[in-house]
Amino acid sequence: MTSISAVPAPATSAWRLMDPPHPSSIDDPAAWAYRGIAELDAASGTADLGNADAAQTPLAILVAMNNQDYRRRLRQVAVVDAPEGPRVVGSALLSLFVRSNPELAVGFVVVHPEYRRQGIGTALVEWFRTTAQAEGRTSVLAPVDFGSEGADGETLAPASGIGTVSADLPGVRLAQKLGLKLQLVERRSRIDLPVAPDAVSRFEAEARAVAGDAYRVHTWTAPTPDEWIEQYAALEQALSDDEPRGGLEVESDVWDADRLRVEEATIAAKGDRYVVTAAEHVATGELAAMTMLLWNAEKPDHTDQESTVVLKAHRGHRLGMLVKAVNLREHARLRPEAQRIYTWNNEENPHMLAINIALGFRPAGGSAEFQGPL
Ligand SMILES: CC(C)(COP(=O)(O)OP(=O)(O)OC[C@H]1O[C@@H](n2cnc3c(N)ncnc32)[C@H](O)[C@@H]1OP(=O)(O)O)[C@@H](O)C(=O)NCCC(=O)NCCS
């Protein structure tokens with residue numbers, strides 16, 4: 001975590017805000033802004049989170065801007081002029097749900113560590129506010145990511161009292177200055193690879209002993225087989241409906257097979273790959289549980305844990321552990337070079353946390369979710 005005293009002295013230079021150009025190819029020279037945002041995210045991630053794992057590639061940023069059927073995205077950058085052209089030193093992303101949450105504007109603002117405390121963040125927030133209002137939004141959700149646990153100084157907790165974040169973080173200060181309230185803390189956990197194969201086998205065997213013959217597992221990489229696509233969408237819908245959200249006022253989103261196919265095309269275009277393990281209830285043919293691990297082909301070091309869900313009617317049979325253990329085994333086979341996996345859990349979701357802790361995931365920072373009127 002970056003304490004305030006660790007923030008480098010600001011570089012003094014004239015900056016200005018602008019709309020980033022949007023070329024159709026990342027190889028187009030006009031893609032300089034997306035390359036700049038990726039570099040900025042990497043620099044900020046290294047300073048604030050300890051490494052650049054969470055930074056997207058320029059291609060992934062462009063592909064997300066090209067795919068706005070389910071999430072609209074508007075961007076603004078702060079640039080300084082350099083001899084080789086404009087350099088991105090700040091960025092704001094306004095993300096809008098398309099099929100749900102008509103009042104909500106989700107915001108991400110980041111400023112290069114060497115250019116902080118010059119008012120760039122404030123200017124980007126002002127762009128965000130004006131643009132979101134013009135889009136008819138009245139509520140803002142702003143996540144502030146942090147890199148490690150155990151803040152020394154003053155901490156902040158949501159109304160539930162579950163989870164804390166350092167009150168000293170610049171993003172937390174900014175959110176509070178804007179009058180936003182901390183509504184939820186998500187924990188990021190990390191497991192260093194490889195996980196000992198016998199430990200994975202033991203977890204799988206223990207889970208299978210409880211689940212018995214009533215369930216069988218299926219593992220696949222892209223594309224999701226046609227026979228499972230509808231049920232897979234139903235599992236995503238169940239996750240969106242059931243996930244505890246603390247004090248956040250966010251509606252569940254809408255999932256169906258068409259959306260999954262669009263997401264899959266986007267994943268492929270970004271250079272992302274995944275492996276899914278699902279559990280089928282043998283008697284009914286219903287998919288009762290699933291989990292996904294996702295990675296980018298250009299980022300060999302790490303993998304992200306995406307959705308994991310067990311349908312309510314099938315809980316209590318160790319299916320969460322079963323699908324996760326099998327998926328970890330498959331991931332090790334497909335991607336032996338990976339050094340670590342990250343997972344995100346709501347601090348108010350003890351069952352999911354317990355599974356991850358048992359597997360060997362350890363706390364590695366998180367995200368403080370602030371919300372309030374725009
Ligand atoms: C938060 C962040 C965007 C602020 O960018 P910035 O250009 O330094 O912001 P500004 O100079 O406009 O400062 C805005 C306000 O933020 C707060 N703030 C930011 N950094 C602070 C610090 N180091 N100490 C105390 N307050 C700070 C202050 O309230 C400040 O207002 P003030 O100068 O009137 O006191 C930047 O620190 C950053 O990129 N952090 C990492 C990403 C993040 O947390 N983003 C926010 C979540 S979306």
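These legends describe close-up views of one predicted model.

Residues are numbered from 1 along each chain as its sequence is written, and side-chain values use heavy atoms, with hydrogens and water left out. In this predicted model, local features need pLDDT of at least 70 and side-chain atom pairs count only at pLDDT 80 or more, while totals for chains, interfaces and linings use all residues.

**View 1. Strand β10 pairs with β9 and with β11.** Strands (E, at least two residues) and helices (H or I, at least four) are DSSP runs, numbered from the N terminus. Two strands pair if DSSP finds at least two bridges between them. β9 (residues 215-221) runs antiparallel to β10 over seven bridges. Here Val 217 has Ala 279 of β10 as its bridge partner. β10 and β11 (residues 286-296) are also antiparallel, over 10 bridges. Val 275 stands opposite Leu 293 in β11.

**View 2. Strand β10 is mostly covered.** β10 spans residues 272-281, and nine of its 10 residues are buried. Buried means under 20% relative accessible area, exposed over 50%, and partly exposed in between (1.4 Å probe, protein chains only). Four residues lie between the strands in the hairpin of β10 and β11. There, Gly 285 takes a positive phi near 75°.

**View 3. Trp 220 and Tyr 232 form an aromatic pair.** Rings of Phe, Tyr and Trp (its six-membered ring) pair if their centres lie within 6.5 Å; planes under 30 degrees apart count as stacked, over 60 as edge-to-face and the rest as tilted. By this rule the count is one aromatic pair. Trp 220 lies in β9 and Tyr 232 in helix α6 (residues 226-242), so the pair ties together parts 12 residues apart in sequence. Trp 220 is buried, at 7% relative accessibility. Tyr 232 is buried too, at 2%.

**View 4. Two arginines lie over aromatic rings.** A charge sits over a ring if NZ of Lys or CZ of Arg is within 6 Å of the ring centre and within 35 degrees of the ring normal. Arg 71 lies over the face of Phe 97, 4.0 Å from the ring centre. Arg 259 lies over the face of Trp 255, at 3.9 Å.
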